[in-house]
Amino acid sequence: MNYYQAQERVQSLKKFYKNLLWFGIVAAIIYGRDIFRHGKIDVSLFHGSFILTIWAIVLVVKAVKLFILNSGWENRMMKEEMQKSKEPIQF
């Protein structure tokens, strides 16, 4: 991994952790308000749960991209594909 790839990865991680922090803050506000008003958590579609669900899905996709499908995985897959022997076409 060269310097520019490392710098790009650090920036991506920083953005991901910021988004995760904001998600936690917003979820705490939404569910804290529900607990304060009603004494329980309301997970109905129009009380903020829908927005949090979509946001959580986006965060999961970003996490998979950052931690599972990172550049190391790409390099391994490229090496595997390049090492495969190609059979010549026989007519």
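**Helical architecture and surface patches of the predicted model**

The structure is a predicted model, in which local features need pLDDT of at least 70 and side-chain atom pairs count only at pLDDT 80 or more, whereas totals for chains, interfaces and linings use all residues. Residues are numbered from 1 along each chain as its sequence is written, and side-chain values use heavy atoms, with hydrogens and water left out.

The chain contains 3 helices and 0 strands, assigned as DSSP runs numbered from the N terminus (helices: H or I, at least four residues; strands: E, at least two). From the N terminus on, the order of elements is α-α-α. For α1, the 36 residues should span 52 Å at 1.5 Å a residue, and the end C-alpha atoms are 52 Å apart, which agrees; the expected span is 1.5 Å times one less than the number of residues in the helix.

Of the 91 residues of the chain, 12% count as buried. Here buried means under 20% relative accessible area, exposed means over 50%, and partly exposed lies in between (1.4 Å probe, protein chains only). Within α1, the buried residues are Leu13, Phe16, Phe23, Ala27, Ile30 and Asp34. Ala27, a residue of helix α1, counts as buried because its relative accessibility is 13%. Ala27 and Ser49 are 22 residues apart in sequence, while their C-alpha atoms lie 8.7 Å apart in space.

Two surface patches were examined. Patches consist of residues with over 30% relative accessible area and no salt bridge, with like charges joined within 9 Å and nonpolar side chains (Val, Leu, Ile, Met, Phe, Trp, Tyr) within 5 Å. Accessible areas come from the Shrake-Rupley method with a 1.4 Å probe, and for residues only the protein chains shown count as cover. A salt bridge is a side-chain nitrogen of Lys or Arg within 4 Å of a carboxyl oxygen of Asp or Glu.

The nonpolar patch, of about 790 Å², is made by Tyr17, Leu20, Val60, Val64, Phe67, Ile68, Leu69, Trp73 and Met77. Helices α1, α2 and α3 (71–83) each contribute at least two of its residues, and α2 provides the largest share, with 4 residues. Phe67, found in helix α2, counts as partly exposed because its relative accessibility is 40%. Tyr17 belongs to helix α1 and is likewise partly exposed, with a relative accessible area of 46%. The C-alpha atoms of Tyr17 and Ala63 are separated by 9.7 Å, although these residues are 46 residues apart along the chain.

The positive patch is formed by Lys14, Lys15, Lys18, Lys62 and Lys65. The elements giving two or more residues to this patch are α1 (3–38) and α2 (45–68), and α1 gives the most, with 3 residues. Lys and Arg count as positive and Asp and Glu as negative, whereas His and the chain ends are not counted; the place of a charge is taken as NZ of Lys, CZ of Arg, CG of Asp or CD of Glu. Lys65 lies in helix α2 and counts as exposed because its relative accessibility is 62%.
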